[in-house]
There are 2 protein chains.
Amino acid sequence: MARTAPRAEGMSWTDPACPVARTLDLVGDRWSLLIIRDAMDGARAFTDFQHRTGIARNILTDRLRRLVERGILDRQTAPTGRRQNYVLTEAGRDLFTVIVAARQWGERHAFAPAEAHSVLVDEGGLPLPELRPTDAHGRPVDVDTTSVLHDR
Amino acid sequence: MARTAPRAEGMSWTDPACPVARTLDLVGDRWSLLIIRDAMDGARAFTDFQHRTGIARNILTDRLRRLVERGILDRQTAPTGRRQNYVLTEAGRDLFTVIVAARQWGERHAFAPAEAHSVLVDEGGLPLPELRPTDAHGRPVDVDTTSVLHDR
DNA sequence: CCAATGAGTAGCAAATTGCAACCAAAATGA
DNA sequence: TCATTTTGGTTGCAATTTGCTACTCATTGG
């Protein structure tokens, strides 16, 4: 499978050398990651996404089109007539880690101690342990034990 | 350190029970995560952020105020006069994992094979290994070996 | 003293979002 | 069979958000 830059014709990057900025240019708007979250949770049809997110339909049309254009969703017309299915591509499925990181941060910092929230569990029904960035030798790292090399 | 819900008065959640949605409500706009990225990379003053991101100054004023309000940045007036320093709170520093996940996805999917980009390295100068969600026993998981429990 | 810098505001234009109404093809159901 | 609902949109318009340019006003630095 040949890898191409997913940038659509005419699009320009906010900060071309930064992978964080490119990711945000691709999926960093208010709705895209919620659409992707729902796709990971089984949504396929236009109306699935509409009902789960509550997004306006013209905006949903536009976001689905853009996510297809950018290689994150694949649009499949069901053999029987007119129903469209939007399914995650490999790149889309790979956003799993980003969604998990966002979910875990939200659990830690966006809920009061007693508030209920949905939980992501493995096949045994147990919650996933927390993601933890490590260095090349497996030791935990954080903001002040890492740095960004701005050249190559 | 008492934990409070960071929601400012009058704000309402897109999807109150979903930690992903709450995280996006707090930092999911076009600029906030780039501001946080720059804070992690040493930016402190208003103009640091303005030059690194290229954001409009009135929007930057607004985003910094919101991030302070939401407990992600702390605003410190330097003892000497007018200079303000914006530094990450503990919750802000904890977004490191989210930024790393976004960065690594971008590296994998938003660059053509030959394109150069900045790199995040540990104290030894080696690139961080890829984050990998696992189940409760340390086995790798992905979209189809996990599920979201929508109750509690 | 005078210029430059830091941290904003204010006013307005352009772009993006959201709402409500409309539409046509296909599936459903009485 | 034939009306109704569902699906996947489009269109027009209003409200909101963004970005640009020009202004402040208080320090610093020389």
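A:Glu107 is buried, because 20 other C-beta atoms lie within 10 Å. Here a residue is buried if 20 or more other C-beta atoms lie within 10 Å of its own, exposed if 12 or fewer, and partly exposed in between, with C-beta atoms placed from the backbone. This is a predicted model: local features need pLDDT of at least 70, side-chain atom pairs count only at pLDDT 80 or more, and totals for chains, interfaces and linings use all residues. Residues are numbered from 1 along each chain as its sequence is written, while chains are lettered from A and ligands numbered from 1 in the order in which they are written.

**Helix α6 of chain A**

A:Glu107 sits in helix α6 of chain A. Helices (H or I, at least four residues) and strands (E, at least two) are DSSP runs, numbered from the N terminus. Leaving aside neighbours within four places in sequence, A:Glu107 is in contact with A:His117 and B:Pro19. Contact means that the C-beta atoms of two residues, placed from the backbone, lie within 7 Å. A:Trp13 is 94 residues from A:Glu107 along the chain, and their C-alpha atoms are separated by 31 Å.

A:Val100 is also found in helix α6 of chain A. A:Val100 counts as buried because it has 24 C-beta neighbours inside 10 Å. Not counting residues up to four places away in sequence, A:Val100 touches A:Leu120, A:Leu128, A:Leu131 and B:Pro133. A:Leu131 is 31 residues from A:Val100 along the chain, with 8.0 Å between the C-alpha atoms.

Of the 14 residues of α6(A), 13 are buried, so the helix is largely enclosed by the rest of the structure.

**The other copy of the helix**

B:Ala102 lies in helix α6 (residues 96-109) of chain B. It counts as buried because it has 28 C-beta neighbours inside 10 Å. Which residues does B:Ala102 contact, leaving aside its neighbours within four places in sequence? They are A:Val20, A:Thr23, A:Leu24 and A:Val98. B:Asp135 is 33 residues from B:Ala102 in sequence and 21 Å away in space, C-alpha to C-alpha.

| Pair | Sequence separation | C-alpha distance |
|---|---|---|
| A:Glu107 and A:Trp13 | 94 residues | 31 Å |
| A:Val100 and A:Leu131 | 31 residues | 8.0 Å |
| B:Ala102 and B:Asp135 | 33 residues | 21 Å |

**The interface**

69 residues of chain A are in contact with 69 residues of chain B. On chain A, α1 (19-27), α2 (32-40), α5 (90-93), α6 (96-109), β3 (119-122) and β4 (146-149) each supply at least two residues of the side that touches chain B. The largest share of that side, 13 residues, comes from α6(A). By class, the side of chain A that touches chain B has 39 nonpolar, 14 polar and 16 charged residues. Ala, Val, Leu, Ile, Met, Phe, Trp, Tyr, Cys and Pro count as nonpolar, Asp, Glu, Lys and Arg as charged, and the others, Gly among them, as polar.

Strands also cross between the chains. β3(A) is joined by 4 bridges to strand β4 (residues 146-149) of chain B, and the two run antiparallel. Strands pair if DSSP finds at least two bridges between them. A:Leu120 has B:Val148 as its bridge partner in β4(B).

A rotation of 180° with 0.0 Å of shift along its axis superposes chain A on chain B, with an RMSD of 0.1 Å. The two copies are thus related as by a two-fold rotation axis. Superposition is by least squares on the C-alpha atoms of residues with pLDDT of at least 70 in both. Of the interface residues of chain A, 100% are also interface residues in chain B, so the copies meet through the same surface.

**Chain A overall**

Chain A has 6 helices and 4 strands. From the N terminus on, its elements run α-α-α-α-β-β-α-α-β-β. The C-alpha atoms of chain A fill a box of roughly 55 × 45 × 30 Å, taken along the principal axes. Of its 152 residues, 34% count as buried.

**Helix α4 of chain B**

The buried residues of α4(B) are B:Arg63, B:Leu64 and B:Leu67. They pack against α2 (32-40), β1 (73-77) and β2 (84-88) of chain B. The face turned away from the buried side of α4(B) carries the exposed residues B:Asn58 and B:Arg65. Just after α4(B), B:Gly71 takes a positive phi of about 80°.
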